[in-house]
Amino acid sequence: MKPERDLVASALRDPAALVSWTLAEWDLLVRQARRAQLLARICWLMHERGLLQQVPEQPRAHLEAARVVSDKQDRAIRWEVNRIRHALTRVGIPVILLKGAAYVMAELPSAHGRLFADVDILVPKEKLPEVEAALMMHGWAATLHDAYDQRYYRTWMHELPPMTHVKRETTIDVHHAILPETARLHPDPVKLRAAAQPVPGAQDLQVLAPVDMILHSATHLFSDGELEHGLRDLSDLDGLLRHFSAEADFWQHLASRAQELDLARPLYYALRYTQRILTTPVPDSAVAMAGAGRPSRLLEWLMDALFLRALRPDHASCADFFTPAARGLLYVRSHWLRMPPLLLVRHLLHKALVSPKDD
Amino acid sequence: MLTTEWVVDGDAALLLRQWGDECVVYNSVSGDTHLLNALGGVALTSLLQAPATADGLAQRVASQLGFEADEALLETIGTLLGDFERIGLIRQHPLQ
Amino acid sequence: MNVSALTAAELGRRLRGCGLSLRTGAFVALVRSSVPSVAEGIGALYADFPLEENSDFADFHIGLEPPRDLRRWIYPQIVFDFDGHAPFKPLPFDQAFPMFEWGLNWCVSSHSHQYLIIHAAVMEKDGFAVIMPAPPGSGKSTLCAALVNRGWRLLSDELALIRKDDGQAVPLPRPVSLKNASIEVIRNFEPTAFINRECRDTIKGTVAHMKPPRDAVLRAQETAKPGWVIFPRYRKDAATVLQARPKGGTLMAVADNAFNYSLLGTAGFHMLADMIDACDCYDFTYSNLDQAIEVFAALQPPAP
């Protein structure tokens, strides 16, 4: 596995150097970045440094076209949040935004270059029926109609089945926790909600506290099964770490909160792989403090073999012989993390026997 | 309802183009584009200038288009305001 | 150097090996395929197109190959590969060349958001472009194929690309797709036009492609100012009628026919409104091609 074949990670590490890249390098970078859904972020990074006009015309057209899409998604997220607030006014709870919608509304660096407008929110578990009803009244509808899938979500998962708005065709994921109840880690959603902070200018909207936002992103990334967009999520994490590490006692607070929420392991991986792949400036002391989450040598070796392959753009030029197996193993692992063994077997059997419906 | 004022939603940056009787409106917040007829166009541009109640708006529209401000017009304006609110162009503005 | 400078053997060799770097208007496609009908189609219909010899950058990396599984042999299929990823379901092997055309259209319309992209035919005369948006079945392609053989320059039969900076229509002249009855109609209308072999039983019926006029390909870098927006409608035995249509309604109808209007946001609204403002807008019903040609020939540039 030759790290320098991942041009996207190189570009993210040193955007300023892109002005001296050859057309051949740009050709491969545009293709890898398109697969990794990071073309718009690279455009943003060049724009931020006043270097966009120095990119050769042909690749620049692709960067700018990607920016058109991400500008649209930014507007779409803001409108979607507007409509969600409108729908949930009567429920009377603060709506906690997660992931991309949170980055956009809180105006964080990770907001730039987003290519999706799905919104994720966190609400108290006991309010789920009311929230679901309010959303349905305002035009959102369930998307999963298979009875097994519905029950899977409602019984075992930490979220309602995704709902899609009938007119706008946008999706909302309503979470009551950040991991399923059956998962091996148990971050307490009550604690997350208690620490949530308001979005400036909107009392009914909140985002997670900075360290919680980072831990949520890390947990999501390192327990997820489909890592085709892993580098994109890692880039978000890198952005959050760089932005919030300016706060006093940040690293200390991050490590202790990870312990408190039972998320020490994902934090360890987050710091390890952001450093390795994106050269995120993580002080040695922070790594030491996160050491409580360190796996055994053997497991760490295995995770390196898997993640250092899977967190690359899903493009032939970034893969080696073991990459497909690495992705496959991480897929199985993600189910293992979410479900106890018996339930996992049942779930996989069901999925194997029921043919997927044609789109 | 009659004492409620309507105002163009401050957040919605509206772009208008007019050709003859037609008015096309782009709402840059929702990303939607709407085609309004003469009545709709006059009503919206009027609200852009100043808030109005349904009654007041009917008066303004009637005088601009040379109609009579009768029951039928008031009813039409009422429906129009409902439509405008639903698509996010205007919102209620409580009178002081 | 053009495609015509390559022998059939050399063309096939490049397509099977390092790829053929083909310039179509503002885009460069690197095409790979081991399928003979693709080589044949490109050799015949893209003869006048330039090869991009010295550039290391291609806008789209495209492949057309049979799948690796049993469908390689049993009811053989063809897969359109966009840089290692298949955006569409496979089609019957026989439809490889049409799939290349549809696939290349998809590449442009899905990614080229530096333009407002309208699903329309575009042709130019005296510096002004006529834009003909039309849903399938309206006879747009037949009319386009006829007009470009009667004095109009082909910019595109499918994709109107409107440039952001100056609202100019940017050419993308490529083979004109013809379906079903219109294949024979155009053969009779212009016997000297080259139309390749038909593919039957596609989802669009029987399809074939007409070689774009050489002049259009040579002038692919010459943009044109939109002057008319005309919605064509073929109706059997109908009278030839050109009817002015209101601009507001036209804006909405063109937006409906655009691939990326809503993506472009405020800029898209301004571009489209400016374009409609500057154009004369019509509905056009016809049944007789010769009469249609006359009506178009009589079009006057819009008042400034």
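## Sheets, core and contacts

Helix H7 (residues 247–256) of chain C lies across E2, E3 and E4 of chain B, running at about 40° to E3(B). Helix H1 (residues 38–49) of chain B also lies across E2, E3 and E4 of chain B, at about 50° to E3(B). Axes are lines fitted to C-alpha atoms, for helices over the stretch in contact, and angles run from 0 to 180 degrees between N-to-C directions. Helices (H or I, at least four residues) and strands (E, at least two) are DSSP runs, numbered from the N terminus.

This is a predicted model: local features need pLDDT of at least 70, side-chain atom pairs count only at pLDDT 80 or more, and totals for chains, interfaces and linings use all residues. Residues are numbered from 1 along each chain as its sequence is written, while chains are lettered from A and ligands numbered from 1 in the order in which they are written.

**Chain B.** Three helices and five strands make up its secondary structure elements. Along the sequence the pattern is β-β-β-β-α-α-α-β. Of its 96 residues, 33% count as buried (20 or more other C-beta atoms within 10 Å of the residue's own, with C-beta atoms placed from the backbone; exposed means 12 or fewer, partly exposed in between).

Three strands form an open antiparallel sheet in the order E2-E3-E4. Strands E2 (14–19) and E4 (32–36) of chain B stand at the edges with a single partner strand each, so one side of each has no neighbour in the sheet. Neighbouring strands are turned by 15° against each other on average, direction ignored. Asn27(B) stands opposite Asp32(B) in E4(B).

Strand E1 (residues 5–8) of chain B has two faces. Trp6(B) and Val8(B) are on the covered one, Glu5(B) and Val7(B) on the uncovered one. Trp6(B) has Gln92(B) in E5(B) as its bridge partner.

The table lists strand pairs; two strands pair if DSSP finds at least two bridges between them.

| Strand pair | Bridges | Sense |
|---|---|---|
| E3(B) and E4(B) | five bridges | antiparallel |
| E1(B) and E5(B) | four bridges | antiparallel |
| E6(C) and E9(C) | five bridges | antiparallel |
| E9(C) and E10(C) | two bridges | antiparallel |

**Chain C.** Four of the five residues of strand E9 (residues 159–163) of chain C are buried, so the strand is largely enclosed by the rest of the structure. In E9(C), Arg163(C) is the bridge partner of Tyr115(C). Leu161(C) stands opposite Val170(C) in E10(C). E9(C) and E10(C) form a hairpin with five residues between them. Gly167(C), in the turn, has a positive phi of about 70°.

**Core.** The largest nonpolar core has 229 residues. Such a core is a set of buried Ala, Val, Leu, Ile, Met, Phe, Trp, Tyr and Cys residues joined through C-beta atoms within 7 Å. Leu97(A), Ile121(A), Leu267(A), Met123(C) and Leu272(C) touch the most other members. Helix H4 (residues 57–88) of chain A gives the largest share, 13 residues. Domain 1 (3–111) and domain 2 (116–297) of chain C both contribute, so the core lies between them. These domain bounds come from an automatic or database domain assignment.

**Chains C and A.** Here 15 residues of chain C are in contact with 18 residues of chain A (C-beta atoms, placed from the backbone, within 7 Å). Helix H8 (residues 261–278) of chain C supplies the largest share of the chain C side, three residues.

Methods: Contact = placed C-beta atoms within 7 Å.
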